[in-house]
Amino acid sequence: MQITNMPSGALGVNTYLAVDENTKKGFIVDPGGYNAALTRKVKNEGIDIEYIILTHGHADHICGVKEQHADFPDAKIVAHADEKQMLEDAGFNMSTAFGMPTTVEADIFVQEGDTLQVGDATLEFFHTPGHSPGGMCIYIESAGALFSGDTLFHQSIGRTDFPGCSFEQLADSIHNKLFVLPDETNVFPGHMGTTSIGYEKGHNPFV
């Protein structure tokens, strides 16, 4: 699995392009703003984008969905079922406060343990509430990769001072769903740099 970070949006959220090299099937994670370079890369390399996946519904992770989706109209938009209200309410997802009122209608709502196939890769979804009600992580065991959104960062975790947040839920999600993964699992967060499960287990002061 080839994973490229192509930051987007006003806050430079980590937007990922993930491609199964064997089949050229791919998906996009968290388009926080429209990224023309991402579209060019996809088209130049003949990648077939099957999904646009949202780790959660906050404005900085969703404001590029509609424009990016217009470039890949066959791609399905994926989110956790508990994030439906946030995605469809520009006040709740805080895009109104950003001056960019945005709503998103997902094509597929997933639940804990659901999977999707992208080429040879199986994507497994973990519900990790705490930063938002329907926050989730995407795990690809065969690639040793976890897209953690705003659940887990390098020596930090997602904020819990927004409406619908809970530090207790977030810590529980990290301990019981993420820290049980192999230590060598690479973590691709929504902000900051790549880290690993093993490093965060020993160095993350918040959990």
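**Starting at one threonine**

Reply: Thr195 counts as buried, at 8% relative accessibility. Keep in mind that this is a predicted model.

Me: Ok. Which strand does Thr195 lie in?

Reply: Thr195 is part of strand S14.

Me: And what does Thr195 touch?

Reply: Leaving out residues up to four places away in sequence, Thr195 touches Phe153, His154, Thr185, Asn186, Val187 and Glu200. With Glu200 there is also a polar contact: the two side chains are joined at 2.5 Å.

Me: Back to strand S14. What is the strand order in the open sheet?

Reply: The order is S7-S8-S9-S10-S13-S14. That makes an open sheet of six strands, and the pairing is mixed.

Me: Which are the edge strands?

Reply: Strand S7 (115-118) and strand S14 (195-196). Each of these pairs on one side only. So Thr195 sits in an edge strand, since S14 runs over 195-196.

Me: What packs on the sheet?

Reply: Helix H5, residues 167-178. It touches S8, S9 and strand S10 (145-149). The direction of H5 makes about 145 degrees with that of S8.

Me: In which sense do S8 and S9 pair, and over how many bridges?

Reply: Strand S8 covers residues 121-127 and strand S9 covers residues 136-140. They pair in the antiparallel sense, over four bridges.

Me: What is the bridge partner of Phe126 in S9?

Reply: Cys137 is the partner.

Me: Are Cys63 and Cys165 buried or exposed?

Reply: Cys63 is buried, with a relative accessible area of 10%. Cys165 counts as buried as well, at 18%. The limit for buried is under 20%.

Me: Let's switch to charges. How many salt bridges are there?

Reply: The count comes to seven salt bridges. The general idea is that side chains of opposite charge can pair when their charged atoms come close.

Me: Show me some. What does Lys41 pair with?

Reply: Lys41 forms a salt bridge with Glu45. Their closest N and O atoms are 2.8 Å apart. Glu45 is partly exposed, with a relative accessible area of 31%.

Me: Which residue does Lys84 meet?

Reply: Glu88, at 3.1 Å from N to O. Lys84 counts as partly exposed at 37% relative accessibility. Glu88 is partly exposed too, at 38%.

Me: And Arg159? What does its side chain meet?

Reply: Asp161, in a salt bridge of 2.7 Å, N to O. Arg159 is partly exposed at 49%, whereas Asp161 counts as exposed at 53%.

Me: Which residues are joined into one network by shared partners?

Reply: Lys25, Asp48 and Glu50. Their salt bridges share partners, and that joins them into one network.

Conventions: Residues numbered from 1 in each chain as written. Predicted model: local features only at pLDDT ≥ 70, side-chain atom pairs only at ≥ 80, totals over all residues. Heavy atoms only, no water. Pairing = 2+ DSSP bridges. Helix = DSSP H or I, 4+ residues; strand = E, 2+ residues; numbered from the N terminus. Contact = heavy atoms within 4.5 Å. Axes fitted to C-alpha atoms, helices over the stretch in contact; angles between N-to-C directions. Buried < 20%, exposed > 50% of the residue type's maximum accessible area, 1.4 Å probe, protein only. Salt bridge = Lys/Arg side-chain N within 4 Å of Asp/Glu carboxyl O. Polar contact = N/O pair within 3.5 Å; in protein donor to acceptor, adjacent residues only side chain to side chain.
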